[in-house]
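Thank you all for coming.

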Amino acid sequence: MLFSSIPFLYTFLPCVLIVYFLSPDRLKNTVLLLASLLFYAWGEPRFVVFMVIAIVQGYVFGLLAEKYRSERKRARLRVWGSAVIGLGLLGYCKYTDFFLSGFNRLTGLSVPLLHVALPIGISFYTFQILSYVIDVYRGDAAAQKNFVSFGAYVALFPQLVAGPIVRYTTIADQLDNRRENTDMFAYGIKRFVTGLAKKVLLANTIGQVWTQLSAMEVSSMSVVGTWIGALAFTFQIYFDFSAYSDMAIGLGQMLGFKFLENFDYPYISKSITEFWRRWHISLGTWFREYVYIPLGGNRKGLVRQI
């Protein structure tokens, strides 16, 4: 289900907001978790199994990482356990057919492909769970004891489609102590409508130009047509991702969550490095904090840095 789709705008979102604001505070995370699982299951119900497995393993390994925090080796094993399961599920969905087809080409065999579909948002919630378990292991966060609250954090539908990757430390207090108000809700509506306009009026319209031009034979395209196609694709992906970032932040504000910005005018960047920092900010931050710096960053020589 897309944020710009009629079922989401006219059925799912109004129903969720009504039930959410009529529910007592102690049940709001339950409403969010159930609504998020329904949102996730809308397109393909079987993919909910992957999410539930991810939630359970993240919850269990988070508690174990905290329990054995003083015993670094045992705690580290819990982190690796979570990483193996989470990245294993991601790798299975994303790369099984890639490796099988490569194996067939190398060996000349015909091992049948599994045609595994990629569950929506699996990269985002896998990275979120990993960052949570690592933060607990480091002592940067306390393990979440409430399974429903943890499940709501992982499955939260506003950031499920295209991020941002929300670190647990950013919204840990908001999960159990958030207070919704009219100012936040009004800002959330404004931000969501801005994103919706970018998606429907700009990204989708520009995308139609790219679709038509990309379907043409290369030999029949003029130089001008080629450049129009390239620019159409460039601005389609720009407004598409910018739109989803706006809509995610807006939906979060409506529900009392303050997500960090995830998109900062990347096309005015003066270098590739700056572009990387401005486009999908949460993804770049995640790799910096949980991959690049732990591996040594630029402190242990050029080879390790690369």
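Let me begin with a term: a residue is called buried when its relative accessible area is under 20%, exposed when that area is over 50%, and partly exposed in between, with a 1.4 Å probe and protein chains only. This is a predicted model, in which local features need pLDDT of at least 70 and side-chain atom pairs count only at pLDDT 80 or more, while totals for chains, interfaces and linings use all residues. Residues are numbered from 1 along each chain as its sequence is written, and side-chain values use heavy atoms, with hydrogens and water left out.

Side chains of opposite charge can pair when their charged atoms come close. A salt bridge here is a side-chain nitrogen of Lys or Arg within 4 Å of a carboxyl oxygen of Asp or Glu, and by that rule the count is 14.

Consider R288, which is partly exposed because its relative accessibility is 38%; R288 bridges to E289 with the closest N and O atoms 3.3 Å apart, and E289, at 22%, is partly exposed.

A second pair is E71 and R74, whose side chains meet at 3.2 Å, N to O; E71 is partly exposed at 35%, and R74 is likewise partly exposed at 35%.

Finally, K28 and D25 form a salt bridge at 3.5 Å between the closest N and O atoms, and both lie in helix α2 (residues 25-41), 3 residues apart, about one turn of the helix; helices here are DSSP runs of H or I, at least four residues, numbered from the N terminus.

Terms used: Helices (H or I, at least four residues) and strands (E, at least two) are DSSP runs, numbered from the N terminus.
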